[in-house]
Amino acid sequence: MLHSTLALSLLLIAVSSNLAMAIKKEKRAPQTLSRGWGDEITWVQTYEEGLYQAKKSNKPLMVIHHLEDCQYCQALKKAFAENEEIQEMAQNNFIMLNLMHETTDKNLSPDGQYVPRIMFVDPSLTVRADITGRYSNRLYTYEPQDIPFLIENMKKALRLIQTEL
């Protein structure tokens, strides 16, 4: 009797610990506005809020269009989040917005609604069509290997504010 009680107890312990580990694995970190693009960055919630903050602060708005299940978006997000220079500039010099849906502003999709897509809007609320990525078929897309080019475009957006506005 004691032997079967001990065996049953051990079986219950094993089952409950396996169940606890399975439950722990299913838990996900709470979703923040960063969505993995940089937790130290202050993110705005909406495009309209981003436009307001850009005008108010005289900083450019950087809009990142992406989808959670897009492998290209995930690869760019990882490179973006791991790059210290991008994180520092985004945190200090830009109003930041990442969207997993399209906005009603058609200026933010001049050459289509593809992802990932990164666009800049200056404090005069002008979408900067002159700040593009490397690809002629998708002007505003960036790939992980394009991070140095994205950094240069971020610097260009900052320079244009000083010279044009």
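These legends walk through several close-up views of a predicted protein model.

**View 1**
Let us start with the big picture. The protein has 165 residues, and 38% of them are buried. Its secondary structure consists of 5 helices and 3 strands, which follow one another from the N terminus as α-α-β-α-α-β-β-α.

Helix α5 covers residues 147-164. How far apart are the end C-alpha atoms of helix α5? They are 25 Å apart, which agrees with the 26 Å that its 18 residues should span at 1.5 Å a residue. The buried residues of α5 include Leu 150, Ile 151, Met 154 and Ala 157. Which elements do the buried residues of α5 pack against? Their partners are β1 (61-65), α3 (71-82), α4 and β3 (117-121).

**View 1. Helix α3 and its buried residues.**
With 12 residues, α3 reaches 17 Å from its first C-alpha to its last, close to the expected 16 Å. Its buried residues are Cys 73, Leu 76, Lys 77, Ala 79 and Phe 80. Notice that a lysine, Lys 77, is one of them. The buried residues of α3 pack against β1, α4, β2 (95-99), β3 and α5.

**View 2. Gln 87 in helix α4.**
Now zoom in on a single side chain. Gln 87 sits in helix α4, which spans residues 84-93. Is Gln 87 buried or exposed? Its relative accessibility is 13%, so Gln 87 counts as buried, the cut-off being under 20%. Beyond its neighbours within four places in sequence, Gln 87 is in contact with Trp 37, Gly 38, Ile 41, Phe 80 and Ala 81. Phe 80 is also one of the buried residues of α3.

Rolling a probe the size of a water molecule over the atoms shows where empty space is left. The largest pocket holds about 200 Å³ of space. Its lining includes Cys 70, Tyr 72, Val 115, Pro 116, Tyr 135 and Arg 138. By type, the lining residues divide into 8 nonpolar, 2 polar and 2 charged. Take a second look at two of them: the peptide bond from Val 115 to Pro 116 is cis, with omega near -10°. Pro 116 belongs to the loop between β2 and β3.

**View 3. The largest cavity.**
About 40 Å³ of space lies in the largest cavity. Its lining residues include Pro 60, Phe 120, Asp 122 and Arg 128. Which element gives the most to this lining? The answer is α5, with 3 residues. The lining divides into 6 nonpolar, no polar and 2 charged residues.

**View 4. Two residues with a positive phi.**
Most residues other than glycine have a negative phi. Asn 58 is not a glycine, yet its phi is positive, about 60°. This residue lies in the loop between α2 (47-57) and β1, and Asn 58 is partly exposed, with a relative accessible area of 45%. Leu 125 also has a positive phi, about 70°. Its place is the loop between β3 and α5, and at 37% relative accessibility Leu 125 counts as partly exposed.

Definitions and conventions: Residues are numbered from 1 along each chain as its sequence is written. This is a predicted model: local features need pLDDT of at least 70, side-chain atom pairs count only at pLDDT 80 or more; totals for chains, interfaces and linings use all residues. Side-chain values use heavy atoms; hydrogens and water are left out. Helices (H or I, at least four residues) and strands (E, at least two) are DSSP runs, numbered from the N terminus. Buried means under 20% relative accessible area, exposed over 50%, partly exposed in between (1.4 Å probe, protein chains only). Contact means heavy atoms within 4.5 Å. On a 1 Å grid over the protein atoms alone, a cavity is a set of points where a 1.4 Å probe fits but cannot get out, and a pocket is an open set with protein on both sides within 12 Å along at least five of seven lines; lining residues have an atom within 4 Å of a point. Grid points are joined across faces, edges and corners, and a volume is the space filled by probe spheres set on the points. Ala, Val, Leu, Ile, Met, Phe, Trp, Tyr, Cys and Pro count as nonpolar, Asp, Glu, Lys and Arg as charged, and the others, Gly among them, as polar. The expected span of a helix is 1.5 Å times one less than its number of residues.
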